[in-house]
Amino acid sequence: MKKSSIISLMTSFILLGGVLLFPAPQANAAKEEFSTYWDQDEFADENQSEGDLIDDTEEPEAVDEFIQEKAELKQYLDQIFAIEPYESKAFDSLNSMGPKATSANRKSLFLKFTNTVIPNYTKFVSKAKLIQSNNPEIKKIHTSFIKGTYMQLEGYLLYKQAVSKNKVNYTILQQGNAKVEAADVILDQVTESLLAYADKIGYE
């Protein structure tokens, strides 16, 4: 399995000296998809000599005991990747906002949160809530995933509120920071748990 995040995770807004700074999002490699490689058995040539034929008395190859779990994980990841464009669009808008929140750019930030960031991330979260799995370990991981993404959305809503008036409200902005930072911790744990589970079942 590629050691990359399932989804790109936006790091929090950081307040330094009363100024809102946007650190770079965590690795863009986060957008890389997990992929599974299946070995293809070579078919015997139809002109193969009798001596080359496989002896059916030989021991069969060991059966993959995790084949069902791998299929369930692939199905789960396919559902996550299907909704990733909503998250990407929200994060692209966040990245375009520049490093500072000021009275001069407050209105522009408010419009981006209102028209792009929040609608797309809300869609991402709502569609993520519809994803289901019968696998107990995946269900547990997904529950944490929903908790983290919802908390991140709450942070974005606070950011929007902070720039909604004539002056940037840094108190509300700090509350948004706390939400997003807490969400990042949860989503990092989700990524680690998913990678650990994938390694356990041999998902590549």
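This is a predicted model: local features need pLDDT of at least 70, side-chain atom pairs count only at pLDDT 80 or more; totals for chains, interfaces and linings use all residues.
Residues are numbered from 1 along each chain as its sequence is written, and side-chain values use heavy atoms, with hydrogens and water left out.

The protein chain has 4 helices and 2 strands, where helices (H or I, at least four residues) and strands (E, at least two) are DSSP runs numbered from the N terminus. Read from the N terminus on, the order of these elements is β-β-α-α-α-α. Of the 204 residues in the protein chain, 40% are buried, a word that here stands for under 20% relative accessible area, with exposed meaning over 50% and partly exposed in between (1.4 Å probe, protein chains only). The protein chain exposes about 12,200 Å², and carbon and sulfur atoms supply 51% of that area; accessible areas come from the Shrake-Rupley method with a 1.4 Å probe, and for residues only the protein chains shown count as cover. If we take the contacts (heavy atoms within 4.5 Å) in the protein chain that have a separation of 6 or more, 79% of them join residues 24 or more positions apart.

We can now turn to the interior. A nonpolar core is a set of buried Ala, Val, Leu, Ile, Met, Phe, Trp, Tyr and Cys residues joined through side-chain atoms within 4.5 Å, and the largest one has 44 residues, with Leu73, Tyr76, Phe113, Tyr121, Phe145 and Tyr156 having the most contacts inside it. Two or more residues of this core come from each of α1 (67-95), α2 (106-129), α3 and α4, and the largest share, 11 residues, belongs to α4. Leaving out residues up to four places away in sequence, Tyr121 touches Glu87, Ala90, Phe91, Thr149, Gln152, Leu153 and Tyr156.

Two of these partners deserve a further look. Thr149 lies in helix α3 and counts as buried because its relative accessibility is 0%. Apart from residues up to four places away in sequence, Thr149 touches Tyr121, Phe124, Val125 and Leu187. Setting aside neighbours within four places in sequence, Ile146 is in contact with Ala128 and Lys129.

A pocket is found on a 1 Å grid over the protein atoms alone, as an open set of points where a 1.4 Å probe fits, with protein on both sides within 12 Å along at least five of seven lines, and its lining residues have an atom within 4 Å of a point. About 160 Å³ of space lies in the second largest pocket, a volume being the space filled by probe spheres set on the points. Glu137, Lys140, Ile141, Ser144, Ile186, Gln189, Val190, Ser193 and Tyr197 line the second largest pocket. Helices α3 (136-162) and α4 (170-201) each supply at least two residues of this lining, and α4 gives the largest share, 5 residues.
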